[in-house]
Amino acid sequence: MGVHSEAERVLAELDPEQRGAVTAPAGPVCILAGAGTGKTRAVTSRIAHRALTGEISGRHVLAVTFTARAAAEMRHRLTRLGVSGVQARTFHAAALRQVRYFAPRLLDGRAMPELLDSKVRLVTLAAARVGLRTDRAAARDLAGEIEWAKSSLVEPAEYVVAAAKALRDTPHEPAKVAEVFAAYEKIKRGNGVIDFEDMLRAAVWGIEEHADVAEQVRAQYRHFVVDEYQDVNPLQQRLLEAWLGGRNDLTVVGDASQTIYSFTGATSSYLVDFPRRHRDAVVVRLVRDYRSTPQVVGLANAVISQARGTEARLRLELRGQRPPGPEPELRIFTDEPAEANAVAARARALIDAGTPAREIAVLFRTNAQSEAYEKALTEAEVPYVVQGAERFFERVEVRQAMVALRAATRSIPGETPLPAAVVEALAAVGWSPETPPAGGAARERWEALAALVQLAEEYAATPAVLPIGEAATVERRVTLTEFTDELHRRASQQHAPTLDGVTLASLHSAKGLEWDAVFLVGLSEGTLPTTYAKTAEQVEEERRLLYVGVTRAREWLWLSYAVARSPGGRARRPSRFLPQLDRSGGGGERARGTNTTPRPERRRTQIVSCRICGATLLAGPERKLGRCATCPSDIDEELHERLHEWRRRVAGEQRVPAYVVFTDATLTALAERRPSRSEELIAIAGIGPRKLGLYGESVLALVGGAAVDDVCPEKTFEIEP
C-alpha cells in the first residue's frame, strides 16, 4: 500500500468533524472536543496524515499532554498508524529532557541540580523558620499554595496581592503564606535543589535568554500539539510560547466544560481566547459522543446547559452515537449509611448479572466520603480499589486517631457518652468539631476524623444485643473500648485491593477514565457544590465536576442523595445541579428487554426543579409550588383570595374539610403558576386526574378571571321549624 493510500486509510476511519480537524491546513487549529468524541483519534490522525502525505516529518513534532498514560496512548496510536519519531510527552517530561540536555551549556559545565520529588519536607522547615508549626496535612496545603503561585508566575513578594485577586482560600493568613514561600525558596537554593516549577522555568529561561539554545530547540520542534488545553497554567503557556518562538503551527485540543483544576493554577482562558489570539485559526467542534448511550449523553447536556460564565461560551451539545440504553436513575435515601448500603447491593447485583467489577465505579466529591463505601462494599463482599487516594483506614490521620482512641480507653470515664468520648480523644491529634480549616489536605484530614465521630454516633445509636433473659427495656451504654475494637475489626476486613475491583474515586481523579456503570453519590448541597465554593466561578466549577462525573459512564448511571448525613440527622437539600431526568433521553428510545439488572427496591423519583433558581425540589409543599420556599413568590394575591373563597364554598357544599378539596399549598401553587390549560393544571403536584375532573373547569375559569359567584354561587340554607 502506498504512502498516499495509507493517508487515505487514516481519513476513512473518521467522522466528518474529525476529518475536518485532520485535514485543516498548517497553522493554528483549535479542536473543541466534548467528552467521548474521539479527540485522541483526531489529533493522532492529524499528525499521521500530515506525516504520511509528506507535509511534515514525525521527528519535528512535539505533542504534549498532562499524564504519562495519555502520552503513552498517543505514542501507541501513532505507531499503529505507521508514524515514528514523534515526541509525545507531558510538559514536565519534555522540559526535564531539554534542561538535562542543555544543562552543561547553561550551567557552565555543572551538573543539573537534584529535582525534588515533594516540597513537603522543605515547606515544613520553611514554616518552622517563620514561626509556624505545621503537621503533614498543613505542610501539604502550604506546598500546594506555593505550587499555585509558581505555576501562576507569582513571586513571594507578589503573593498577598495575587492571592486576594484570585480569591484564594489560603491555609494561613496570606502574609504568613508569603513568608513561608520566601523561606522555602531560600532553603531550596541553600540545599542546591530545584522543584518541578523551577524545571519548567529553567526550560523557559534557557530558550528566552540563550539564542543558541532557542535555535536548536526550534529547529528540532516545528509542529506542536497540546492536549487538554483547558488545563494549561500560565507557566506552561509561557514554555509553549518559548517553544513556538512566534511560529503558529499549533494544534490545541480541549473542552472548556471539563475545566476542573483551576485551584492548581490551570485556566481555560487560553483555550477560550485561542481564536482571538490567532485570527486565522481553524476551529473544529467534535460533538459526536461514541462513549455513552444517548440517555447518558442527554443527562450530561442537561447538566451543562445551565452553565454560566466564561467557559460556557464554548459549551458543546453532545450527540450520542451508541444504541439506546437504560435511563439514568435517581435514588433518594434517608441517610448516608442507607445510601452506601444500597450502592453496595446494586454493585453486587450488577456483578452477579455479568458486569465485571473493574467496569463499575463509585464517584464522590471528596476522598473522605470513601469510608462509608469501603465499609458497605466490604460487607457486601464486593472487591474494590481506591483510585488516587489512600484507603480510609490507611490514612495517616486515621491511624493516629485509632492509637489516640485506644489510649483514651484508659483515661476517659466509662460513663462518658461514646460520641463525646471520641471527640475528647481526637483532641489529642489536634481535631476539634469547629469549622474545618482552609486548604484541601487539612480539610480532608478534618473530614476523615469527622467521619470517625459520625461513625461513633451511628454505633452508639445502634440497638444493643442484650443477653438472653435480660429485660428488653434495659439500656446498655456502648463503651469506647467496644468502639475501638469495632474500628480495628473494620480495618482488618478491608482486604488488599485487586485489579478487578469496583473503583472508588473522587470526581477529580476520575477525569480521563470511563466505566460501563457509574454511581454518582452524595449529590447534596454542601457536598456538590461544596460549601467552600463561594463565588459564581467556583460554583460553576462544581457544576463542571458533576458533568465530568456523568460523562464517565458508558451505559448505566445512578445518581443518589441522602436526606441526612446520619440517621435522624438534619435534613439537607439535593444538589442544585440535578436536572429533570425525564428530559434526559438525548433523543433515544428506552431500551426494551435488554437490561437484565434487577430492579431496585426503591421507586424512581421524578425530579422537580425550582422554576426560579433551578434547584431540585423534594419537599411536598415545594414540589407543589414549583419553587424553593426561600425563593421569591410571584403570587397573584387577588386570585389567591378568590381561590380560598371558592374552596370554602365547595367544601361547605360537600360537607368536607377544606383541605380535602385542595391544600393551602396547592392553592398557593395555583395562584403563583396560574395554569391556563388542563395539562398545566395536572402538572401541579396534588392535582391528579380525579381532582382535575371534579374541579378543573372551575379552577381554570377562576385563573382566567371569572368571579367566584360565576363558578360557585353562594347557597343559603333555611332552618326548618
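Let me start in helix α23, residues 536–550, where R544 and E541 both sit, three residues apart, or about one turn of the helix. This is a predicted model, so please read every distance with that in mind. R544 and E541 form a salt bridge, with the closest N and O atoms 3.4 Å apart. Are these two residues buried or exposed? The cut-off for buried is under 20% relative accessible area. R544 comes out at 5%, so R544 counts as buried. E541 is at 9%, so E541 is buried as well.

Next, a salt bridge between two separate elements. E145 pairs with R168, and here the closest N and O atoms are 3.1 Å apart.

Now the third pair. The side chains of K39 and E228 meet in a salt bridge at 3.4 Å, N to O. This one links distant parts of the chain, 189 residues apart: K39 is in helix α3 (residues 39–52), and E228 is in the loop between β6 (223–226) and α12 (234–244). E228 has a relative accessible area of 15%, which means that E228 is buried.

K39 and E228 also belong to a network: salt bridges with shared partners join K39, D227, E228, D231 and K511.

As for the total, how many salt bridges does a search of the whole structure find? The count is 47. Among them are the pairs R544 with E541, E145 with R168, and K39 with E228.

Technical notes
Residues are numbered from 1 along each chain as its sequence is written. This is a predicted model: local features need pLDDT of at least 70, side-chain atom pairs count only at pLDDT 80 or more; totals for chains, interfaces and linings use all residues. Side-chain values use heavy atoms; hydrogens and water are left out. A salt bridge is a side-chain nitrogen of Lys or Arg within 4 Å of a carboxyl oxygen of Asp or Glu. Helices (H or I, at least four residues) and strands (E, at least two) are DSSP runs, numbered from the N terminus. Buried means under 20% relative accessible area, exposed over 50%, partly exposed in between (1.4 Å probe, protein chains only).
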